[in-house]
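Colleague: Could you take a close look at one part of this model for me, the place where two of the chains meet? I'd like the side-chain pairings and then the wider picture.

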Amino acid sequence: MENGKNRLLFKDKPVKVLLAKPGIDGHDRGILVLAKAFRDAGMEVLYAGLLPTPESVVETAVNEDVDVVALSLLNGAHLTVFRKVADIMKSKGIDDIALVGGGTIPDEDKPELEAIGVTGNYGPGTPLSVIIDHVTTRAAEARKKKISR
Amino acid sequence: MEKREETYWDSKLKEIQSKKSAENKAYSEWKSRTLEPWNRKTGYSEKEYTNSSSIDLKEVYTVEDLPKDHSKQIGMPGEYPYTRGIYPNMYRGRQWTMRMFSGFGTPEDTNRRLKYLIEHGESGLSIAFDMPTLYGFDADNPRSDGEIGRCGVNVSSLQDMEEILEGIDLSKVSTSMTINAPAAVVTAMYIAVAKKKMIPLDRIAGTVQADILKEYIAQKEWIYPPEAHIRLIRDMMVYCTENVPKWNYISISGYHIREAGSSAVQELAFTLADGFYYVDMGIKSGLKVDDFAPRLSFFFNSSINFFEEVAKMRAARRIWATVLREKYGAKKERSLLLRFHTQTSGYTLTWQQPLNNIVRTTVEAMAAILGGTQSLHTNSYDEAWALPSEEAVKIALRTQQILADETGIPDVIDPLGGSYYVEWLTDRMEEEAYRYFDTIEKLGGILESVKKGFIQKEIAGTSYRRQMRLEQGKEIMVGVNRYEEKDEKPISTLKISHKAQVDQINKLKKLKETRNNLAVKKALQDLEKALRNPDENSMPYIIRAVEAYATLEEISNVGRNIFGEWKEPVIV
Amino acid sequence: MSPLELKSILEGIERSDTRSVARAISIVETPSMHLERNLIIKGIYHKTGHAGIIGITGPPGIGKSTMIGNLCKMLSSENFKVSVLAVDASSPFSGGSLLGNRIRMQENLSRYGVFMRSLANRGLNGGLSRAVWDAVDILDAAGNDFIIVETVGAGQADLDIVNLADTVIVVLGPGLGDQIQAIKAGIMEIGHIFVVNKIDRDGSFIAIKDLEETLAFTTQGDWKIPVYGTNSLTTEGYGDLINGIKNHTTLAKSSPEFRRKRYREEMRIVMQDEVSRIINRKFNEMILNNGEIDSLLESKTDPYSAARKILKGNSVKL
């Protein structure tokens with residue numbers, strides 16, 4: 001049911017997602033696969049490239065008015081770096097862009113990430129369909145906020 | 001259509017074609033006589049069997065799958081073309097080095113882990129650095145916040161290197177350092193530490209990875225545009241050839257290319273293509289191939305498709321020896337020997353049911369030993385979650401020790417040699433590699449292919465296809481898309497405390513206050529002058545800067561100001 | 001969307017507030033929000049006409065992104081306010097797209113406060129969609145001195161850009177002899193300035209000469225089409241390029257003919273878009289009500305006759 005409602009919501013303007021690795025991390029195999037998979041799932045995909053700063057990630061997200069920012073880190077710095085992005089968004093009063101995370105993230109770090117608004121936090125080997133579903137769900141929340149102000 | 005000149009690779013491919021056996025009667029007759037009736041009787045339905053290189057596999061291989069002169073083709077260990085091993089007595093004469101990649105937190109944390117591993121029987125050191133260090137940023141750079149010590153040890157100055165190596169006799173143990181963009185600086189630090197410990201430079205042994213080409217392809221840890229990094233590698237090559245003869249100033253790597261998603265054949269081909277590039281570079285800088293080729297070393301992946309890995313390593317040895325002798329005219333035997341370190345594949349580890357990873361690592365380690373590696377790192381079972389805990393890394397080390405001491409596997413050289421399957425697969429992979437060399441040359445060489453994004457595109461394509469096959473269940477990862485468990489029990493993992501960051505920043509602050517800042521300034525200015533002159537060797541200047549306690553970032557910035565930072569082409 | 005929110009967006013555009021501009025562009029990208037779109041454009045249109053619109057087109061890999069980064073940097077340092085619109089193709093299969101390779105320009109964009117937005121082009125017949133025109137209007141009203149529109153370099157959109165932009169730069173590379181041959185037929189119609197990039201490479205000198213020869217006998221009114229050679233890594237040639245851009249933009253903006261052509265084209269696209277929208281919406285109803293599809297299937301009629309009949313029978317109210 002949820003999927004049906006989402007399909008309607010994104011019928012004439014697809015989910016727009018910004019993929020970013022906002023830390024010092026060159027492991028881009030996963031994010032490149034995600035970029036293609038999201039595009040093949042009908043989304044509009046932006047990839048921020050390697051080593052963008054958290055500030056430039058938020059700037060891009062705002063300018064492009066994305067629905068979701070998908071953050072990936074495999075270097076262990078996710079707690080600090082994802083928080084930086086969340087903090088910058090909060091300080092700009094942005095509440096209609098969702099944050100989703102992924103990478104080498106131990107279970108015990110996930111509650112802290114969810115508390116700052118970063119959900120998902122999928123590790124390597126997670127099926128793409130699970131990630132796509134979650135991103136779509138979060139995107140729907142964000143899009144509804146955008147259009148129903 | 002102009003007739004293009006035949007390349008060396010074209011001639012090798014023709015040679016391979018001409019040696020193939022024309023018929024394959026044994027197989028086809030067996031197929032119709034025995035196999036097909038059986039399949040019909042048992043209701044067997046055709047399935048596809050392939051490997052990472054998309055090479056289709058028959059049910060069985062026979063002598064007719066080997067070339068006509070197969071005994072010559074296979075050869076003997078320690079004899080050209082070294083398919084069976086580079087030394088005549090391989091592990092009987094010298095066991096592979098058990099070299100566990102280690103590093104996290106502060107230099108003291110890492111020093112402790114290195115000593116722990118030595119105590120438990122590792123025979124060589126291997127140091128992992130954190131992200132800021134790998135990219136040439138100091139601990140006090142705001143971008144390093146949250147990254148310090150998280151995936152390796154943090155090094156911002158010579159002081160850190162001194163602490164990492166405290167109490168370790170550099171004349172007795174060789175050290176491998178996985179560092180690329182700032183490899184020259186870290187090499188300079190190691191040299192400076194050796195000097196302080198009064199060890200003559202011709203007695204220290206070790207490796208820096210330094211292979212910048214594969215950074216642009218796969219690991220993506222670069223600072224400057226390619227030409228600048230290549231110049232630094234050249235400087236290291238020339239300096240070390242003269243002053244630090246036992247130093248492997250480059251470890252030409254396929255591990256990362258494979259981890260980025262390539263197939264085994266792509267790993268083989270792109271790594272060796274990088275290797276040929278460095279040989280060309282050495283010759284262009286005025287050295288004779290026999291002067292430096294003996295010091296070129298390699299680093300391969302050992303992944304889970306067992307026989308493919310063994311075949312890959314055997315093919316690598318044969319190709320390297322053949323090309324160095326035939327194309328580059330190397331005369332010294334040592335120039336033809338492909339010496340390599342292997343690491344079991346990180347990508348094959350799963351966060352689900354982590355203890356399964358011990359099995360995977362064991363199989364991959366076996367493949368590396370059967371493939372004739374000179375040095376081996378085995379992954380720990382918890383590495384899909386975090387850096388290895390003490391307990392996990394000990395098991396990984398014990399895995400090697402059990403394979404070495406209990407199984408009898410290393411007792412006979414190249415035991416899979418002569419297997420119809422393995423020899424056929426070795427030949428196939430060699431052939432596919434030559435095809436790639438030909439394509440790359442026609443594209444303008446490996447550097448051009450990298451700048452154009454051709455190599456990265458090949459890898460991303462293979463990676464995406466593999467992911468799709470996983471999603472469709474055509475490939476299996478136990479615990480991930482088969483035999484999944486609903487409630488995974490969490491495991492305890494290594495924690496890096498924030499204290500490491502605080503300590504490193506404070507240490508750096510104190511260093512900057514107590515060092516001779518005038519000497520640092522002068523050293524950096526001299527380095528800048530040297531770097532601006534492409535004919536000058538920058539190594540002595542880097543060493544002097546390092547000895548004055550200039551920081552990693554300060555030294556790297558001299559390069560940034562001259563060469564700029566490189567932005568990659570986006571290849572998806 | 002509430003009238004309050006709409007008002008807030010309009011005010012935001014006037015203040016050059018980034019979020020308002022970004023939200024407004026999203027709205028004009030969303031066909032189902034056409035009422036809001038109409039209100040936005042109605043509210044800001046009187047403020048348009050100031051910005052110089054620069055189109056940049058050319059084959060992929062030729063260095064457009066780096067060039068745009070350089071232009072942003074140089075124009076910004078002359079205190080011009082610059083924005084960038086990157087128009088990308090969508091996948092005909094999934095409808096998804098991989099947008100705007102902004103990496104090469106990102107540093108320059110951030111440093112000089114340049115706004116960049118990617119648009120997936122969902123135009124009719126592959127030409128520039130209505131949304132691109134609207135986005136340009138919004139950026140114009142937000143006070144930009146220059147708006148750089150980059151097209152993906154693979155089709156109709158690259159030709160249509162000449163209707164939207166004041167100055168179109170066609171970027172080519174050395175050794176593209178075949179490309180030039182292919183476009184020689186209509187070369188005077190696709191751009192006002194031609195650039196051969198990567199002039200440090202072999203073949204660039206000949207490429208420039210070849211282009212100059214081809215363009216030697218074409219005129220666009222008073223404008224003689226220049227050919228510049230550039231090196232985007234060293235910014236060699238950029239001085240001339242920027243002067244050329246400024247000259248042609250001034251010419252375009254001051255020529256009533258040029259402006260009229262532009263507005264006529266915008267009107268045509270709007271009307272086409274409106275009519276399409278209505279037909280698409282009504283298509284299902286019309287066909288189902290009339291049973292014409294059944295007739296077609298039984299070969300009692302053909303698509304043209306059927307369509308005429310349907311349209312006649314449904315006088316469509318705008």
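Modeller: Start with R19(C) and D96(A): their side chains meet in a salt bridge, 2.8 Å from N to O. By salt bridge I mean a Lys or Arg side-chain nitrogen within 4 Å of a carboxyl oxygen of Asp or Glu. Between chain C and chain A the count is four salt bridges.

Keep in mind that this is a predicted model, where local features need pLDDT of at least 70, side-chain atom pairs count only at pLDDT 80 or more, and totals for chains, interfaces and linings use all residues. Residues are numbered from 1 along each chain as its sequence is written, chains are lettered from A in the order in which they are written, and side-chain values use heavy atoms, with hydrogens and water left out.

As for the whole contact (heavy atoms within 4.5 Å), chain C puts in 31 residues and chain A 29 residues. The buried area, meaning accessible area (1.4 Å probe) lost on putting the two parts together and summed over both, is about 2,500 Å², with 48% of that from carbon and sulfur atoms. R19(C) turns up again here: with R23(C) and L98(C) it supplies 22% of the area chain C buries against chain A, more than any other three residues.
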